[in-house]
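Me: I would like to know what the structural terms rest on here. Please set each value against its definition.

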Amino acid sequence: MRTVQVTIVGMGPRGLGILQHIAHGARRLPEGTVLDLHLVDPGDSGQGAHSSRQPDHLLTNTLASQLTMFPDGSGPSFTEWAQQAGYRGFAGSYHRTGEACGDPIGPHDYLPRGLLGEYLSFVFDHTVRSLPGSVRVVHHRARAVDMEELPPSGRYLVRIEGGYEITSDFVFLATGHCRRAPDEEDVRFGNFVREHRERNDRLAYVADCYPVDKLERIAPGTTVAVRGLGLTAHDVIAHLTTGRGGRFEGDGPDMRYLPSGREPSILLFSRQCLPTAARGINQKGLTGDYKPNFLTPGAVRDLRRHAEERSGSTQIDFDTDVAPLLLREMGYVYRCTLEQRDIPPEQYDFPAADQAAVAAVIDPLAGRSFGNLDDFRAFFRAFVTEDLEHAERGNRTSPVKAATDAIRDVRASLRAAVEFSGLTPDSHRVFNDRWVPLMNRVSFGPPRRRNHELLALMNAGLVDLAGGPGSRVVPDPETARFAVRTEFAGAGTTTRYADTLVAARLDLFHPRTDGSPLTARLLERGLIRPYRNGSYEPGGVDITSTGRVITRTGTPLAGVWALGYLVEGPRYYTYYLPRAGMKSRFTDEANAAVGEMWQQLMFKEEVESRDDRQRQPVSLP
């Protein structure tokens, strides 16, 4: 009997995807082979960042009907599972009551992330039950802290908290979102709080707002500055308002907020101070993606061929080569939706009017200046209101929402352009610094309800803007508070003060700045290296095209793969779940990594079987 040891480090959705693919192929194990599967994660299996213990006011940002861990249709989607489990809606919360009461869950619902955690655990249980007897599963409720190679065997020793060691033939790294080590600004703000807290007992700095439970330490009446206006900021706002017992009445533009009296005052700001655009009503169905006509994978291949003819390198420039095709794609969708007809692509010349419309979506601040904070506040409210009007019209009726939705639909082409050093180093930096935040803001926003809530909270006087474009935050020793300062054309410097500063962002993973002991040890041992595109390090771990981890010396490890957020750098847009009936990078990456493991395992079995035959005793005359 031979035992093969496989370890999955991180059992969120990515680790669960690996487990599913192992389960699909487990019956191919050679006779007499047992697979011991070690799952290393301190949380509930499958859930990762989507803990089922999260409050209901933290929502998914994708329609539940579009999320599934069974893209081949062999199991229920998130919505189907919630319906089958008997969940019903009750004014924003969900309970297992069956059909006796409550509202049915439909295809246009954005469900709580805690409910998604329950669904992922259901998928985990379903997958484990499907395993044959030759696969044994052990869940280690701890974090991995170290791993080393065991030469010359080609095996690996994974150490977890508490000192336990797992000797492994194959290892999958799927640790998901990271927590970066404190940078200079974190240290400066933290020191400011420690030095001045005795003068202001509400003074605090929250560098990482997850889990949101830590926000409960913020006292009612505190003035909180939230740095960021993206999806994370919406989580912070929700937890400090409805999470404090407040509630919303009405829907859409008529929505109003009824405070509990336990909320803090919230001031919002960011680099541009632009809100994330709301998602339009989905009129495309589950699989109705727009098929690109200009920014296609074939067009990217042509760009590479031309680049090689010009310079001898296949690397391209996003601004010069790719962005014009992306903007043209958006303009084409805008015009077709505006006229509600299919225009032959070869007849579309991207006229000036469409260029102006797309430019207004991409950079709504272009050519604008604001005399004072009141002027910018009026612009901000009007901007959110107009965007919601487009969102309510839907992604096949509103030209604006159709155009921005096209960005989501050309992700395969964007990956073909960007991944594995597809861009020049300088262009790759521009893509990450400018284009990724821009595309996230206009295309990957929150449910419409969130921005209606934002306006209702502003009307109630609980949420306001701390400043305008170009806002910066500094510690103010004189007041023992944080000062948010903005330069306005007419009013000069406007300053607003806050007791607590919350950084509303998700940390990007970079091996050099990650706070994980495991990452530090892997770097120290040379088992991983940061991904590099020439002189630029965008983040992520360096890997082969099948996900095998590349060591400091440039050699791929035979039996170690990294997937998901760990490889956001060589890959692009790794953080999403599969959609039913659609080809998915999520499943493709898991399939490639697990498929390579099976190939190695079968090859070893064949070699060992041949060696055994050659060692058979021979009778000599």
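Reply: Two strands pair if DSSP finds at least two bridges between them. Strands are DSSP runs of E with at least two residues, and helices are runs of H or I with at least four, numbered from the N terminus. This is a predicted model, in which local features need pLDDT of at least 70 and side-chain atom pairs count only at pLDDT 80 or more, while totals for chains, interfaces and linings use all residues. Residues are numbered from 1 along each chain as its sequence is written, and side-chain values use heavy atoms, without hydrogens and water.

Me: How do you know that β17 pairs with β16 and with β18?

Reply: β16 and β17 are joined by 5 bridges, and β17 (residues 481-488) and β18 by 7. The definition asks for at least two, so both count as pairs. Asp476 is bridged to Arg481 in β17, and Glu487 to Thr493 in β18.

Me: What makes β16 and β18 edge strands?

Reply: The open sheet runs β16-β17-β18 with antiparallel pairing. β16 (472-476) and β18 (492-498) each pair on one side only.

Me: Why is β16 called largely enclosed?

Reply: Buried means under 20% relative accessible area, with a 1.4 Å probe and protein chains only (exposed is over 50%, partly exposed in between). 4 of the 5 residues of β16 are buried, so the rest of the structure largely encloses this strand.

Me: What makes Gln272 a contact of Phe376?

Reply: Contact means heavy atoms within 4.5 Å. Leaving aside neighbours within four places in sequence, Phe376 has contacts including Gln272, Leu465 and Phe488.
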